[in-house]
Amino acid sequence: MTRCSAASTTTAVSPEPSSAGAALARKARFWDRIARKYAADPIADLPGYEATLRRVQGLLSTSQDVLEIGCGTGSTALRLASRTRRLLATDVSAEMITIAREKLAAQPVPQLELAVADADALVFGYDAWDAVLAFNLLHLVDDLDHAIDAVVQALRPDGLFISKTACLYEMNPLVPRLALPLMRAIGKAPHVLCFDAAQLQAALVRHGLAIEAVERHGTKGKDFRVFIVARKPQA
């Protein structure tokens, strides 16, 4: 039985194009299929979500160009975009972006742009963004080192990488070892990476980022989602 993948400890070699294309298609199909249900589900810990939003709003400014990877249906981007000069929110799922565009049409925010893009791909430019946001995403990428490398390349010197990530090794051991593999086998869960907060911080540092804050914003019992602010050093 396949268990959730462990996060790599060194930068991985990129997969062959055909393999990468197949993985991208599988990932997009999964999120396209569940997008409408995902959009309808309530936020499990609304006070914790609001605390994260307030924290991020305090880190952004209207002088910044901001990229969000893995934006889902755009709810968070809609809340943050007015605090930026420009916010480009991206997701691998075309259906998620369709829903985000529906929300944007109903609630226009001039600073917000939406696009379909894969967080694992080096498609976000070089030294192009003052901040990159990744909420509930890093455990879902194909290769953690590759995704962080893409972020570092996209950030301008002194730019911020702001993330909130489910650390599955901090959950009940039965979840990553048994429940998730079973759910994935029947198509009810995506590919996931398993790591704890210390391993995630080590991966960020390994790619040259300086950790500035490590926080937990949850309000319901043990919070296994870690909020991290990391900065790319000045050149």
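Buried means under 20% relative accessible area, with exposed over 50% and partly exposed in between (1.4 Å probe, protein chains only).

The model is predicted: local features need pLDDT of at least 70, side-chain atom pairs count only at pLDDT 80 or more, and totals for chains, interfaces and linings use all residues. Residues are numbered from 1 along each chain as its sequence is written, and side-chain values use heavy atoms, with hydrogens and water left out.

**Whole chain**

I noted 7 helices and 9 strands. These are DSSP runs, helices H or I of at least four residues and strands E of at least two, numbered from the N terminus. Of the 235 residues, 48% count as buried. Among contacts (heavy atoms within 4.5 Å) with a separation of 6 or more, 74% join residues 24 or more positions apart.

**Helix 5 against helix 7**

I checked how helix 5 (residues 144-154) meets helix 7 (residues 197-206): their axes come within 10 Å and cross at roughly 50 degrees. Axes are lines fitted to C-alpha atoms, for helices over the stretch in contact, and angles run from 0 to 180 degrees between N-to-C directions. The two helices are therefore oblique to each other. Oblique is what remains after roughly parallel (under 35 degrees), roughly antiparallel (over 145) and roughly perpendicular (65 to 115).

I listed the contact residues: Leu144, Asp145 and Ile148 of helix 5, and Leu200, Ala203, Leu204 and Arg206 of helix 7.

**Val229**

I ended in strand 9, at Val229. Val229 has 2% relative accessibility, so it counts as buried. I looked for its partners beyond four places in sequence and found Arg55, Leu59, Leu160, Phe161, Ala210, Ile211, Glu212 and Ala213. Phe161 is 68 residues from Val229 along the chain, yet their C-alpha atoms are separated by 5.9 Å.
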